[in-house]
Amino acid sequence: MALARTASLRGTCLRLQVGCVIAVNGDVRATGYNGSIPGDVHCIDVGCDMSNGSCVRCVHAEINAICRAARSGVNLIGGIAYVTHEPCRACAYALACTEVKAIYFEKLRESNTRQVSEDRERVQAAMETSGITLSTLPSLT
Ligand SMILES: [Zn+2]
Ligand SMILES: [Zn+2]
């Protein structure tokens with residue numbers, strides 16, 4: 001998780017810096033942070049691109065970690081994902097599709113809209129059905 005926190009420092013969104021590390025049998029296979037697609041401008045340079053209260057420019061840290069693994073032909077089956085923040089539904093499902101066996105996160109999402117709590121319930125139910133552990137991991141500080 002400390003490594004996920006370090007990865008988050010590279011996040012280029014002004015709203016939140018998120019980091020993700022995916023390890024298989026204790027070996028780090030992929031890291032990611034939230035940022036723009038290659039070649040695009042960054043929020044830290046031009047400000048966030050807001051829509052409905054969220055910045056829509058950044059690719060989430062979990063997706064960036066998965067894409068990095070894909071670019072280098074690394075599989076994540078049986079791995080453990082460590083994320084600094086609670087994954088959104090799209091990221092949790094994408095991680096599940098890589099066949100990681102567990103997702104640990106440090107901080108709950110701050111916004112507690114109905115959408116967030118409905119998403120959380122859906123994700124928890126889907127992970128339980130799929131046999132994937134989804135749990136908070138307290139800071140090891
Ligand atoms: Zn942003
Ligand atoms: Zn996400």
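This is a predicted model: local features need pLDDT of at least 70, side-chain atom pairs count only at pLDDT 80 or more; totals for chains, interfaces and linings use all residues.
## Basis of the model

Local features need pLDDT of at least 70 and side-chain atom pairs count only at pLDDT 80 or more, whereas totals for chains, interfaces and linings use all residues. Residues are numbered from 1 along each chain as its sequence is written, while chains are lettered from A and ligands numbered from 1 in the order in which they are written.

## Packing of H3 and H4

Helices (H or I, at least four residues) and strands (E, at least two) are DSSP runs numbered from the N terminus. The axes of helix H3 (residues 61–71) and helix H4 (residues 89–97) come within 9 Å and cross at roughly 30 degrees, where axes are lines fitted to C-alpha atoms, for helices over the stretch in contact, and angles run from 0 to 180 degrees between N-to-C directions. H3 is therefore roughly parallel to H4, a term for angles under 35 degrees, with over 145 counting as roughly antiparallel, 65 to 115 as roughly perpendicular and the rest as oblique.

Glu62, Ile63 and Ile66 of H3 make the contact with Cys91, Ala94 and Leu95 of H4, contact meaning that C-beta atoms, placed from the backbone, lie within 7 Å.

## Positive phi in two loops

Asn25, in the loop between strand S1 (19–24) and strand S2 (27–33), has a positive phi near 50 degrees. Asn25 counts as exposed because it has 8 C-beta neighbours inside 10 Å (exposed means 12 or fewer other C-beta atoms within 10 Å, buried 20 or more, and partly exposed in between, with C-beta atoms placed from the backbone).

Asn52, for which phi is also positive and near 50 degrees, is found in the loop between strand S3 (50–51) and strand S4 (54–55). With 6 C-beta neighbours inside 10 Å, Asn52 is likewise classed as exposed.

Notes. Two residues are in contact if their C-beta atoms, placed from the backbone, lie within 7 Å.
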